[in-house]
Amino acid sequence: LDAVLTNDSDVAPDDALAAHELVTKLLAQLKPDDQLVIRLLDLEQKTIAEISELTGWNGSLVKVRAFRARRKLRKLFESLEKKERS
């Protein structure tokens, strides 16, 4: 997923599409504020200061939301992995 998100040219087109679909599916399961912070920080590479300016949240709140949203994404991904192994 990291390679796809950073536009690594070594990723096969089919893998890139599958990863994009997976990221979209996982993000859709987050609350809107969590989706926003992940999209801005990780996908659009915005800084904490830029996100604070856009959202009106202070820098600490942006960091906390990002940490919690990433943790939720990790749990969702791990849950999905377990289902596919079964």
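Leaving aside its neighbours within four places in sequence, D34 is in contact (heavy atoms within 4.5 Å) with R65, A69 and K72. D34 lies in helix α3, where helices are DSSP runs of H or I with at least four residues, numbered from the N terminus. At 6% relative accessibility, D34 counts as buried, meaning under 20% relative accessible area with a 1.4 Å probe and protein chains only, while over 50% is exposed and in between is partly exposed.

A quick note before going on: this is a predicted model, where local features need pLDDT of at least 70, side-chain atom pairs count only at pLDDT 80 or more, and totals for chains, interfaces and linings use all residues. Residues are numbered from 1 along each chain as its sequence is written, and side-chain values use heavy atoms, with hydrogens and water left out.

Q45 sits in the loop between α3 and α4, and its relative accessible area of 60% makes it exposed.

Over on helix α5 (residues 59-85), have a look at R71. This arginine is partly exposed, at 36% relative accessibility.

Conventions: Helix = DSSP H or I, 4+ residues; strand = E, 2+ residues; numbered from the N terminus.
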